[in-house]
Amino acid sequence: HLIYQSVFFFNMLEVIFVLTLLANEIEINELKLTKQATTDSLTGIYNRHHFFEQATCDLAIANEFKRPFSVILLDFDHFKKINDKHGHHIGDLSLVETANQIKSHCRTQDCFARIGGDEFVIALADTTLKEAKYIAERIQVSVENNLIETPHHNNFNCKVSLGISSKIDDCSRLKDLMLKADKALYQAKEQGGNRVALSN
């Protein structure tokens, strides 16, 4: 009888151990799938899909509690020339390094994402237009001063243009903020690039 109980007990321990391993493996796989679904494979920051989900939610909260909310849209100046001169591998490297530079100026609550080839966006909760302008100017200088090193030592600096918009009432929509930021970005490009422009 004691032998039977001992065998049963150890069998149960073995089953519990196997189930625990399976549960851990499932959790790890779920985390991997979530990361793949929400992040950009090149830069490791959020992707377009996750940005619109998260930023829409953050803006709804800002509208409900009458809090400020801003969007910074950022685009490389003459990115095609980087690819043409240095190759796509260096072009990708410049995207990764620039993403890291931008991320260093973001807070944990900011939603920073790559939404196009060389286009990035930051949704900033509890941030006024003036505060967003200060952040954008720091980013612009940081990117311009960051040297991209190449294997052949023909190093270069990237330049970016940034457009900013902020919500003006408690019925603001993310689509409208993005359009206004895009118009501001276009103005920055028209003025020669490598600068920050505010929406009207």
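The legends below describe close-up views of a predicted model.

**View 1. Packing of helix α4 against helix α5.** Helix α4, residues 88-103, and helix α5, residues 129-145, pack at an angle of about 145°, and their axes lie 9 Å apart. The crossing in which α4 passes α5 is right-handed. On the α4 side the contact is made by Thr98, Gln101 and Ile102, which meet Ile139, Ser142 and Val143 of α5. Sorted by class, this contact of α4 with α5 comprises 3 nonpolar and 3 polar residues, with no charged residues.

**View 2. The two faces of helix α3.** In helix α3, residues 79-86, the buried residues are Phe79, Ile82, Asn83 and His86. They lie on the same side of α3, because the arc that they cover around the axis is only 100°. The elements covering these buried residues include β1 (69-76), α4 and β5 (156-157), whereas the face turned away from the buried side carries Lys80, Lys81, Asp84 and Lys85, which are exposed. Just after α3, glycine 87 adopts a positive phi of about 95°.

**View 3. The largest nonpolar core and the surroundings of isoleucine 122.** The largest nonpolar core has 26 residues, and those with the most contacts inside it are Ile72, Phe76, Ile102, Phe112, Phe120, Ile122 and Ile139. Two or more residues each come from β1, α3, α4, β3 (119-125), α5 and β6 (160-166), and α5 gives the most, with 5 residues. Leaving aside residues up to four places away in sequence, isoleucine 122 touches a set of residues including Phe51, Val71, Ile72, Ile102, Cys106, Phe112 and Ile139, together with Asp110. A second core, separate and of 18 residues, includes Leu73, Ala123, Ala125 and Ala181.

Methods:
Residues numbered from 1 in each chain as written. Predicted model: local features only at pLDDT ≥ 70, side-chain atom pairs only at ≥ 80, totals over all residues. Heavy atoms only, no water. Axes fitted to C-alpha atoms, helices over the stretch in contact; angles between N-to-C directions. Helix = DSSP H or I, 4+ residues; strand = E, 2+ residues; numbered from the N terminus. Left-handed = near helix turned anticlockwise from the far one by under 90°. Contact = heavy atoms within 4.5 Å. Nonpolar A, V, L, I, M, F, W, Y, C, P; charged D, E, K, R; others polar. Buried < 20%, exposed > 50% of the residue type's maximum accessible area, 1.4 Å probe, protein only. Arc of directions from axis to C-beta. Core = buried A, V, L, I, M, F, W, Y, C linked by side-chain atoms within 4.5 Å.
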